[in-house]
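Visitor: Please take me through the helix packing in this model, closely. Then place it against the sheet and the ligand shell.

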Amino acid sequence: MVESFVLNTGARMPSVGLGTWQIEPEAVCNAIYAAVKSGYRHIDSAVAYRNQKEVGLALKKLFEDGVVKREDLFITSKLWSGNHAPEDVDDDISSALEDLQLDYIDLYLIHGPIRIKKGTMLIPENLIPTDIPATWRAMEKLYESGKARAIGVSNFSCKKVEDLLAIARVTPAVNQVECHPVWQQAKLRKLCQSMGIHLSAYSPLGSPGSPGYCGPSVLSNPIVIYIAEKLQKTPAQVALRWGLQMGQSVLPKSADETRIKANFNIFDWSIPEDFMAKFFGIKQARLLKIEFAVQPQSGYNSLEDLWDGEV
Ligand code: A2P
């Protein structure tokens, strides 16, 4: 079934989640409401997106209006880069729970292998080296406390996943990474699958027009367009359906009700095997390289170093 994936905790994660990065705070309530009305049961959020309080207001309204119950939804949030110190992790989730008006989070992720000084803004001057083993031990406590029903990571390369597994008592449930037909993450997917870690795809449409993204377009890729025409679907639907058939959950962001609905309309059809094979022919390029993290003070001396060669 592609409607959901079972995590290594035993929980089911709905396979399509609404991404909320770059949705304006004043628009996110309507976007979430429309998404849940259309059938979405999974919302991806983070304090870094600067709209988490408004996400909480949307959830409250959905519960008050009786559209869904808390237990029907799967809500993800992420540890702020300034709160990696073990003693700050519990406060971080408490603040996310307050924003979201929830008493538990379904999935809590280390937002990235990037750390800044506590109480500062996410700018290069504030970067400091990570201590993922120490942060992960604090994440494990969140899991044990029940505040986070699953814990995981985001933006981790194969090497960073392997280093984490070497010290983890709780295996991460999810690694949320950039993933779409133009950056397919073949090596990482294989590693994660073999370790029981679910791969979740942010920017599954290649985040057209997003700052920081550069490289070839996913939605105007000729192979994606060819398959979309053959199947009479949109390029976005094909990109998302490809993700599901590769075994990953997809987190398309949209603030537009028509596109929100269209992006969810990917369950009652499939891409035939011979078309799936064509995706392997697409030239690969990471679109979000996160160059700003390459600084002497972050401990990353190059993009190769940040992504452990996967760039
Ligand atoms: P909008 O919010 O106006 O719909 P990603 O999920 O890969 O990060 O991509 C998000 C970007 O893609 C946003 O700019 C969003 O704009 C746009 N988008 C979302 N859904 C679609 C779609 N079905 N077709 C084209 N563009 C889309």
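Guide: What follows starts with the helix pairs and then turns to the sheet and the ligand. This is a predicted model: local features need pLDDT of at least 70, side-chain atom pairs count only at pLDDT 80 or more, and totals for chains, interfaces and linings use all residues. Residues are numbered from 1 along each chain as its sequence is written.

Start with H3 and its partner H4. Helix H3 covers residues 86-100 and helix H4 covers residues 132-145. Helices here are DSSP runs of H or I with at least four residues, strands are E runs of at least two, and both are numbered from the N terminus. H3 and H4 pack at about 40°, with axes 8 Å apart. Axes are lines fitted to C-alpha atoms, for helices over the stretch in contact, and angles run from 0 to 180 degrees between N-to-C directions. The two helices are therefore oblique to each other. Angles under 35 degrees count as roughly parallel, over 145 as roughly antiparallel, 65 to 115 as roughly perpendicular and the rest as oblique. The crossing of H3 past H4 is right-handed, meaning that the near helix is turned clockwise from the far one by less than a right angle. H3 contributes Pro86, Val89, Asp90 and Ile93 to the contact. H4 brings Ala134, Thr135, Arg137, Ala138, Met139 and Leu142. Contact requires C-beta atoms, placed from the backbone, within 7 Å. By class, these residues are seven nonpolar, one polar and two charged. Ala, Val, Leu, Ile, Met, Phe, Trp, Tyr, Cys and Pro count as nonpolar, Asp, Glu, Lys and Arg as charged, and the others, Gly among them, as polar.

H3 also packs on helix H2 (residues 52-64), at about 50° with axes 6 Å apart. H2 and H3 are therefore oblique too. On H2, the contact uses Gln52, Lys53, Val55, Gly56 and Leu59. They meet Ala96, Asp99 and Leu100 of H3. That contact has four nonpolar, two polar and two charged residues.

Now H7 (residues 222-231) and H8 (residues 235-245). Their angle is about 100°, and their axes lie 8 Å apart. They are therefore roughly perpendicular. Val224, Ile225, Ile227, Ala228 and Leu231 of H7 face Pro235, Val238 and Ala239 of H8 in the contact. Eight residues there are nonpolar, with no polar and no charged.

Next, the sheet. It is open, with eight strands in parallel pairing, ordered E3-E4-E5-E6-E9-E10-E11-E12. Strands pair if DSSP finds at least two bridges between them. E3 (18-19) and E12 (249-250) are the edges; each has a single partner strand, so one side of each lacks a neighbour in the sheet. Within the sheet, four bridges join E5 (residues 74-79) to E6 (residues 107-110). Leu79 stands opposite Ile110 in E6.

Last, the ligand. Of the 19 residues around the ligand, Ser203, Leu205, Ser207, Ala236 and Ser254 come nearest. A residue is near if its C-beta atom, placed from the backbone, lies within 6 Å. Helix H9 (residues 257-264) gives the most to the shell, with three residues. The shell has eight nonpolar, eight polar and three charged residues.

Note on methods: Contact = placed C-beta atoms within 7 Å.
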